[in-house]
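These are my notebook entries on one structure. I took the ligand site to begin with, then single residues, helices and backbone angles.

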Amino acid sequence: MTSTAGYDVERIRSQFPILQRELKGKPLVYFDNAATSQKPQVVIDALVEYYSMYNANIHRGIHTLAEEATAAYEATREAVRAFIGAPSTEEIIFTRGTTEGINLVAYSWGRANILEGDEIIISSLEHHSNIVPWQMLAAEKGAVLKVIPINAHGEILLEEYYKLLNPRTKLVSVVHASNSLGVINPVKVIIDAAHAVGAVVMIDGAQSTVHLDINVQELDCDFFAFSGHKLYAPTGVGALYGKRELLEAMPPFHGGGEMIKEVRFDGTTYNDLPYKFEAGTPNIADTVAMKAALEFINGIGKENIRRHENDLLQYGTEQLRQIPGIQIKGDVAEKVSVISFVAEGIHPQDLGVLLDQQGIAVRTGSHCTMPLMQCLNITGTTRASFAAYNTKEEIDRLVAGLHKAIKILR
Ligand code: 7TS
């Protein structure tokens with residue numbers, strides 16, 4: 001057994017049906033967890049149970065099934081609140097994921113608060129979903145989008161960030177942990193400095209929420225978005241946290257049922273938080289199952305998972321550093337369990353295809369961070385990202401697979 005003392009990785013693996021699968025005649029090695037994680041049986045069961053036992057539309061029916069579905073949906077809201085340390089469930093809005101959470105803020109808060117000449121700051125590390133909504137907003141409003149530079153390791157240059165801040169800065173939106181490199185940003189420092197000039201701060205927690213302890217009150221961020229599917233929950237569900245006073249002052253994002261108190265042809269009054277931002281029938285089943293995913297993580301203990309993932313990260317980094325011609329990008333101390341690398345003279349996609357032929361799933365390309373790739377002067381990387389169920393044996397298979405692929409491609 002190669003797992004960290006007390007961490008029963010085989011027991012954890014046995015809860016993920018997909019890990020029994022063979023790919024190209026070999027046991028699947030799934031190292032694309034930063035894109036989406038696999039789902040444990042408890043999450044799959046929660047979906048089946050919902051549809052088998054209490055499928056109904058929520059918040060509207062007075063019949064038993066509707067009450068049960070509503071209770072389960074709202075129980076997830078409480079589980080999310082606790083998971084990210086938010087003060088109240090009114091401040092937790094269910095979304096389709098991080099992308100929708102950021103767009104909600106850009107459309108609702110942004111269009112109400114950003115004026116011509118105002119400045120929005122993002123970082124060089126952002127995923128496209130934390131770039132494009134702000135570009136669209138800036139273009140519409142005549143606002144200015146500024147970008148915090150990074151060094152060659154992918155670390156934010158804080159001194160340069162401080163120089164960008166000024167009284168015209170209205171919003172700072174940065175990623176907590178980079179999906180492409182794994183680098184963890186010093187978000188607390190970034191948030192405090194933004195607040196000092198009166199700016200609002202949004203944190204993209206897509207990659208951090210599964211790996212790091214999140215407490216939005218300690219961070220003091222104004223908005224925080226994450227996706228369920230990266231933390232063992234189904235696709236199509238996530239959450240946005242926002243500070244109550246901001247959410248209350250914001251206009252709705254989508255109009256429709258559920259988000260209203262009263263509708264008349266001569267005017268409509270909007271519902272209270274969080275329903276004001278949840279128009280229409282939501283993704284009930286996947287939201288209900290997200291609670292099972294959060295309980296799965298809490299059951300193992302985030303700290304235990306983190307220790308295990310850090311072991312994998314350290315082991316994998318040491319192994320990959322020994323392969324001639326391989327260079328790790330974002331090779332810094334403060335990282336989540338992502339190893340992104342380039343192999344001299346080899347296109348990442350070719351490497352990905354040859355690894356796939358050996359049953360190893362990695363992600364290749366720009367990882368939806370094209371501007372970051374431009375900053376690093378590369379077109380893309382090969383990325384291996386680890387989850388609670390990965391093992392050192394799997395990393396050994398990656399290393400062997402890389403040797404084999406490099407021999408073929410060189
Ligand atoms: N922000 C970051 C940092 C991300 O990693 C992702 C998805 C998103 C936002 C968007 O999340 P979504 O759930 O709304 O799509 N990242 C990746 C990835 O690295 N590979 O595939 C998706």
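This is a predicted model: local features need pLDDT of at least 70, side-chain atom pairs count only at pLDDT 80 or more; totals for chains, interfaces and linings use all residues.

**Entry: ligand shell.** By class, 8 residues of the shell are polar, 4 are charged and 4 are nonpolar. I then listed which of the 16 residues around the ligand come nearest, and got Thr99, Asp204, Ser227, Arg363 and Arg383.

Entry: I looked up distances from ligand oxygen atoms to N or O atoms in side chains. For Ser227 the distance is 2.7 Å. For Arg383 I also read 2.7 Å. For Asn179 the value is 2.8 Å. I then computed the cover: the ligand taken alone exposes 490 Å², and the protein buries 88% of that.

**Entry: His211.** I placed His211 in the loop between strand E8 (200-204) and helix H8 (216-219). Is His211 buried or exposed? Its relative accessibility is 8%, and the cut-off for buried is under 20%, so I count His211 as buried. Its side chain has a polar contact of 2.7 Å with the side chain of Glu309. Leaving aside neighbours within four places in sequence, I found His211 in contact with Arg306, Glu309, Val336, Ser337 and Phe386.

**Entry: Thr95.** I found Thr95 in strand E4, residues 92-95. Thr95 has 6% relative accessibility and therefore counts as buried. Where does the side chain of Thr95 reach a backbone oxygen? I found that oxygen on Gly97, at 3.1 Å. With residues up to four places away in sequence not counted, Thr95 touches Glu100, Gly101, Gly236, Val237, Gly238, Ala239 and Leu240.

**Entry: helix H4.** Two of those Thr95 contacts, Glu100 and Gly101, are also among the buried residues of H4. I checked the length of H4, residues 98-113, against its residue count. At 1.5 Å a residue, its 16 residues should span 22 Å, and the end C-alpha atoms are 21 Å apart, so the two values agree. I then asked how many residues of H4 are buried. I got 12 of the 16, so H4 is largely enclosed by the rest of the structure. The buried list includes Thr98, Ile102, Asn103, Leu104, Trp109 and Arg111.

**Entry: helix H3.** I repeated the length check on H3, residues 64-84. Its 21 residues should span 30 Å at 1.5 Å a residue, and I found the end C-alpha atoms 31 Å apart, which agrees. Among the buried residues of H3 I noted Ala66, Tyr73, Glu74, Arg77, Phe83 and Ile84. Just after H3, Gly85 takes a positive phi of about 65°.

**Entry: Lys163.** I placed Lys163 in helix H6, residues 158-164. Its relative accessible area is 61%, and the cut-off for exposed is over 50%, so Lys163 counts as exposed. I found a polar contact of 3.0 Å between the side chains of Lys163 and Glu160. I also looked up Lys163 against Gly380: they are 217 residues apart in sequence, and the C-alpha to C-alpha distance is 30 Å.

**Entry: backbone exceptions.** My starting point was that most residues other than glycine have a negative phi, and most peptide bonds are trans. I listed cases that depart from this.

- Asp220 is not a glycine, yet I read a positive phi of about 65°. I located Asp220 in the loop between H8 and strand E9 (223-227). Its relative accessibility is 29%, so Asp220 counts as partly exposed.
- Asn377 is also a residue other than glycine with a positive phi, near 60°. I located Asn377 in the loop between helix H13 (370-375) and strand E17 (381-385). With a relative accessible area of 71%, Asn377 is exposed.
- Which peptide bond did I note as cis? The bond from Leu273 to Pro274 is cis, with omega near 0°. Pro274 lies in the loop between strand E12 (267-270) and helix H10 (284-300).

How values were computed. Residues are numbered from 1 along each chain as its sequence is written. Side-chain values use heavy atoms; hydrogens and water are left out. A residue is near a molecule or strand if one of its heavy atoms lies within 4 Å of it. A polar contact is a pair of N or O atoms within 3.5 Å; within protein, one must be able to donate a hydrogen and the other to accept it, and residues adjacent in sequence count only if both atoms are side-chain atoms. Accessible areas come from the Shrake-Rupley method with a 1.4 Å probe; for residues, only the protein chains shown count as cover. Ala, Val, Leu, Ile, Met, Phe, Trp, Tyr, Cys and Pro count as nonpolar, Asp, Glu, Lys and Arg as charged, and the others, Gly among them, as polar. Helices (H or I, at least four residues) and strands (E, at least two) are DSSP runs, numbered from the N terminus. Buried means under 20% relative accessible area, exposed over 50%, partly exposed in between (1.4 Å probe, protein chains only). Contact means heavy atoms within 4.5 Å. The expected span of a helix is 1.5 Å times one less than its number of residues.
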